[in-house]
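User: Hi! I'd like to walk through this structure with you. Can we start with the terms and then look at what sits inside?

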Amino acid sequence: MPVKMGKRLVAVCSVAVATIYSAGYIYTLPSVQAQSSAVPPLSPTNNNTTPGAAAAAHSASASANSGQGASPSASSASGSSSGKHGTSSSTSAKSGHSSSGASANHSSANGASTPSGKSSSKPASATAVKYKDGTYTGVGTNPYGSIALSVVIKHGKIVSVPITQWTMHYPQYVIDPQLPKEVISMQTWRIYIVSGATASTYNFAQAVYQALQKAKA
Amino acid sequence: MNNPQATRPPQSPLERFLKTPKGAVMAVLVGLTLVGALRPQDHLGLLNAAVAVATGLVIDGGVALLQRRRKLFSDGGVITALIVADVLSHMTPLYVVMATTAVALLSKHTLKVGRKPIFNPAAFGLLFALVVFGTGQSWWGSLALLPIWLTLLLLAAGLLITSRVNKFPQVIAFLGTYFALLLAMAFLHLGLPSDTPGDALRAPFVNSALYLAFFMLTDPPTSPAPYRQQILFGVIAASVGTMIFATSGGLAYLLIGLLVGNAWRLSLRWMTNVPARSASSLLGSATTVIDAKNDISDENLA
C-alpha cells in the first residue's frame, strides 16, 4: 500500500474542487434562470417568441430526423452518446405526432391569441379548440423515462393536469407544478422548456398532446 | 481465553467482510439502493436490483464452477449488478437488466489481462445496453431523484469508499478536471443548447458524475494504484467525458470517459511491463500480470 494521502491534503484538494464547482454553479446560475423563463433555440423551426418550444422541437423531430443540437428530441434513441433526450419509438410518441394537422390547429390558435414570451398570458385558444369534458390520459416516453398524466376537461377547458406517473431522470419538482399550471393557463400543450429538464419538458408536452388529441371534439 | 486469538473480540464473518474494501463497497451500494428506492416511483428498482444480483451470482458462480474455484459466491458480481441496477431506469425491462449484467460480467471474464479486467465491467455493460437496447438511465442509485440534501449522503458514502480503496488522487483529479472544464465551457459559451454546463453542474447530472467518480472510477482492478497514474487516469476520464458532453451530450459521456481511461491504463501497462506484454493475451489468458506493488485488491471489486 502506498502512503495514504494526508488528510490535510485531501481536505485542501476537496475544498479546491468544491470551489471550482461553486464557481461554475454560480456562473451558470443566471443562464439557467433565464432559460427557465424563456424558450431556448432548440430547433430551427422554433419561434423563440412564442410558447411551445418543447412541442415545436418535438414536432420537428417527428417530421425530420435532424441532429441533436438542433432538436434534442430527434437524437438517437438507440444509443451512442446522443441518447439523452432522444425520443423512443414508443407508440405514444408516434401517435402524438401522427397528425400534423392537429398540431397546426393548436399552433394557429396560440399564435392568434397568446401574447409572446409570457407564460402568464391569458389564452383565448380554448375558444378555438373545443374539447369534450372528461378525463383523458397521455404518456410521454423517451430513453430518459416516461411521464403519465391526466388532463381534466370541464366546460371545454383544461382545468387540471395531474401527473400520475413519473419515471424521469429529473426530480418531479423541476416541472411540477410549473408546467401543469402553464398548460392550464395557456390551454395548450405548447409550453416553455424548463432548462435542465428538457427531456422532462418534452415528455410532458407529448403526454398532454396525446391526452388532448383524445379530448378533441 | 487461553488462546491469544480469543483475547480479541470475536468478529463474525460478516463483520470481517464489511471491513474489506469490497465489503464496504457492497454495503454502501446496498444502502444507496435502499435509500434510492424510498422514492415511490423507484420501488420497482429494488426488483431490478434483485434480478441483477441474481444474474450476477449465477454468471460469476458458473464461471467459478468452470474454473473449479472453491468460492462460488462472487462479491464482485454483486457489486457490478448493483451498479448496473442503480444506473438503469427502474422502467427497464427485466430481460434488459439481466442482459446488461451478463454482458458486464462476461466482459470482466473475457476482456482481461491476466486476472484483471481491462474495462470497468459495469461501465462496459451499461454502454453496451445503451447502444444495443437504447436503455434509459436514471442513475437513481445516485439519489439524483431525491431531495438535493440527500446528495450529502452520497458524498459521505463516496468519501468513505474512496478512503478505503486509497483513490483520493484519482477522484479529486477527476472531479476537479470535470468541474473545471465545465466552468471553462460556461465561460466560453461552449456546449449544446440542450446539454449546457449549467445542466451538468446540477442534479441529476452532478449526482451521476459523483456516483461514477466514487464507485466506478475507483474500482481497483481497472484503475491504477500509483498516485501519479491515478491523477492522469482521472484527468483523462474527465477530459474525454467532458469533450463528449460538449459535442454530443447524451447519456454515455461519463461511461465513455471511464472506459477510455481504462484503455489508457492498459496501454500504460503494456508499455511499462514488457514481460507481461509478451506473456499475456487479451482473451482468457491465465497469466497473472503484476500491475504494481501498491495495488490493493486480489480480486475484482466490480
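Analyst: Happy to! Buried here means under 20% relative accessible area. Keep in mind that this is a predicted model.

User: Good. Are B:Lys22 and B:Asp75 buried or exposed?

Analyst: Both B:Lys22 and B:Asp75 are buried. They also form a salt bridge with each other, and the closest N and O atoms are 3.2 Å apart. B:Lys22 belongs to helix α2 (residues 21-36) of chain B and B:Asp75 to helix α4 (residues 75-87) of chain B, so this pair ties together parts that are 53 residues apart in sequence.

User: Which other residue forms a salt bridge with B:Asp75?

Analyst: That's B:Lys71, with the closest N and O atoms 3.3 Å apart. B:Lys71 counts as partly exposed, at 42% relative accessibility, whereas B:Asp75 is buried at 5%. Through shared partners, B:Lys22, B:Lys71 and B:Asp75 are joined into one network.

User: How many salt bridges are there over all chains?

Analyst: The count comes to 3. One of them is between the side chains of B:Lys108 and B:Asp60, at 2.9 Å from N to O. Here B:Lys108 is in helix α5 (residues 94-110) of chain B and B:Asp60 in helix α3 (residues 43-66) of chain B, so the pair ties together parts 48 residues apart in sequence. B:Lys108 is buried at 4% relative accessibility, and B:Asp60 is buried with a relative accessible area of 4%.

User: Switching to the greasy parts. Which residues touch the most other members of the largest nonpolar core?

Analyst: That core has 73 residues, and the ones touching the most other members are B:Phe174, B:Leu175, B:Tyr178, B:Tyr211, B:Phe215 and B:Met216. Helix α10 (residues 205-216) of chain B gives the most to this core, with 10 residues.

User: What does B:Tyr211 touch?

Analyst: Leaving out residues up to four places away in sequence, its contacts include B:Leu29, B:Leu82, B:Asp86, B:Trp139, B:Ser142 and B:Leu154.

User: And how many residues of α10(B) are buried?

Analyst: 12 of the 12 are buried, so α10(B) is largely enclosed by the rest of the structure. Among them are B:Asn207 and B:Ser208, as well as B:Phe205 and B:Leu210. From first C-alpha to last, α10(B) reaches 15 Å, close to the 16 Å expected at 1.5 Å a residue.

User: What about a second, separate core?

Analyst: There is one of 25 residues, and it includes A:Tyr131, A:Tyr136, A:Val161 and A:Trp189.

Conventions. Residues numbered from 1 in each chain as written. Chains lettered and ligands numbered in written order. Predicted model: local features only at pLDDT ≥ 70, side-chain atom pairs only at ≥ 80, totals over all residues. Heavy atoms only, no water. Core = buried A, V, L, I, M, F, W, Y, C linked by side-chain atoms within 4.5 Å. Buried < 20%, exposed > 50% of the residue type's maximum accessible area, 1.4 Å probe, protein only. Helix = DSSP H or I, 4+ residues; strand = E, 2+ residues; numbered from the N terminus. Contact = heavy atoms within 4.5 Å. Expected span 1.5 Å × (residues − 1). Salt bridge = Lys/Arg side-chain N within 4 Å of Asp/Glu carboxyl O.
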